[in-house]
Amino acid sequence: YKSIAIIGTGCQIQGAWALRKSSDKYKNIKYLLGLICDRSLCRTVTDVLYWSLLNDKNKKIIWRDKSNDYKEPSLLIKNEDGKCITLPTWERHILKDPFTPPRCRLCFDKLNTRADVVLGDPWGMDNVDWKHGESLILVRNNLVEEIICQMIANNYIVVREGSLEQVIKGQGIKERKVNILYAIAVYEQNGWLLPKYYESVNTGFLDNNKLKAVQNLISEFIRMSKKNKKDIVGRYRRYVSFTKLKINLYTRLVKIFK
């Protein structure tokens, strides 16, 4: 392929950017399209969310189903027969912190700094059409700006200017910086391996000692994840059940005393 566009989260775009720098073989990566990413979740979270739903069928999860509500999307579980179950947004939210991978807690790159253009939800922006939905677009170079202008001229998209200050505030970038500093402090106190973003990106490689340390860390993480998976899933299933019970009780009390 002479021209490739890669769409990804911050870590994926960093990887593509580093590949492009490391060898002429990857010079055909012409466009890096970034997504705003708060975090990924450990795969185990699906075992909690699926639980006993739609048993004995292949299932897929739609994390943010915006067909009915763009601002508060539901969690949709769908099986191969087309049957659907909708879960409330709070079930996804309460599981985010316990199932955030350690590496995501060290990631500064929510706004995808290596991407040519960044797309995401317009949190904190003024006059957003939350009924039909709008997307935030951050353009970082002239080439992409020209493409955007062509799309506007051809009536493919409708664009209006927004405030970068609102973007930074709405995406919680200052809070993220504080959280990353806390996470780094914990890693340093425990003597755990920390990523050196620019060193690894600029060289495109790790020396053998660092590579071995990374491999050992990954192996240990996988081993511990497998060992504790059953306990973790069971614990958080009970947690979700208890939270549902509290919400149902609260709802009933509100109805009684209203």
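## Chatting through the model

Colleague: Let's start with Asn-155. Buried or exposed?
Modeller: Asn-155 counts as exposed, because its relative accessibility is 68%, over the 50% cut-off. Keep in mind that this is a predicted model.

Colleague: Where is Asn-155 found?
Modeller: Look at the loop between α4 (142-153) and α5; Asn-155 is in there. Its phi is positive, near 60°, even though the residue is something other than glycine.

Colleague: Is Asn-112 buried or exposed, then?
Modeller: Buried: the relative accessible area of Asn-112 is 0%.

Colleague: Let me zoom out. How many helices and strands does the protein have?
Modeller: Eight helices and seven strands. The protein has 258 residues, and 29% of them count as buried.

Colleague: What share of the contacts comes from residues 24 or more positions apart?
Modeller: Taking the contacts with a separation of 6 or more, 64% are between residues 24 or more positions apart.

Colleague: Which residues of α6 are buried?
Modeller: Ile-173, Arg-176, Ile-180, Ala-183 and Tyr-187. They sit on the same side of α6, because the arc they cover around the axis is only 75°.

Colleague: What do those buried residues pack against?
Modeller: Against α5, residues 164-170.

Colleague: And which residues are exposed on the other side of α6?
Modeller: There you get Lys-174, Leu-181, Tyr-182, Glu-188 and Gln-189.

Colleague: What is α6 followed by?
Modeller: Gly-191 follows α6, and the phi of Gly-191 is positive, near 70°.

Colleague: Which residues are buried in α1?
Modeller: Gly-10, Ile-13, Gln-14, Ala-16, Trp-17, Ala-18 and Arg-20.

Colleague: Switching to pockets. How much space lies in the second largest pocket?
Modeller: About 950 Å³. Its lining is made up of 32 residues.

Colleague: Which of them lie nearest its centre?
Modeller: Ile-36, Asp-38, Arg-64, Arg-92 and Lys-96.

Colleague: How many residues of each class are in the lining of that second largest pocket?
Modeller: Eleven are nonpolar, ten are polar and eleven are charged.

Colleague: One more residue. Where is Thr-44 found?
Modeller: In the loop between β2 (29-35) and α2.

Colleague: Why does Thr-44 count as buried?
Modeller: Because its relative accessibility is 18%, and buried means under 20%.

Colleague: What is Thr-44 in contact with, leaving aside its neighbours within four places in sequence?
Modeller: Phe-99, Lys-229 and Val-233 are the contacts of Thr-44.

Notes: Residues are numbered from 1 along each chain as its sequence is written. This is a predicted model: local features need pLDDT of at least 70, side-chain atom pairs count only at pLDDT 80 or more; totals for chains, interfaces and linings use all residues. Side-chain values use heavy atoms; hydrogens and water are left out. Buried means under 20% relative accessible area, exposed over 50%, partly exposed in between (1.4 Å probe, protein chains only). Helices (H or I, at least four residues) and strands (E, at least two) are DSSP runs, numbered from the N terminus. The arc is that of the directions from the helix axis to the C-beta atoms. Contact means heavy atoms within 4.5 Å. On a 1 Å grid over the protein atoms alone, a cavity is a set of points where a 1.4 Å probe fits but cannot get out, and a pocket is an open set with protein on both sides within 12 Å along at least five of seven lines; lining residues have an atom within 4 Å of a point. Grid points are joined across faces, edges and corners, and a volume is the space filled by probe spheres set on the points. Ala, Val, Leu, Ile, Met, Phe, Trp, Tyr, Cys and Pro count as nonpolar, Asp, Glu, Lys and Arg as charged, and the others, Gly among them, as polar.
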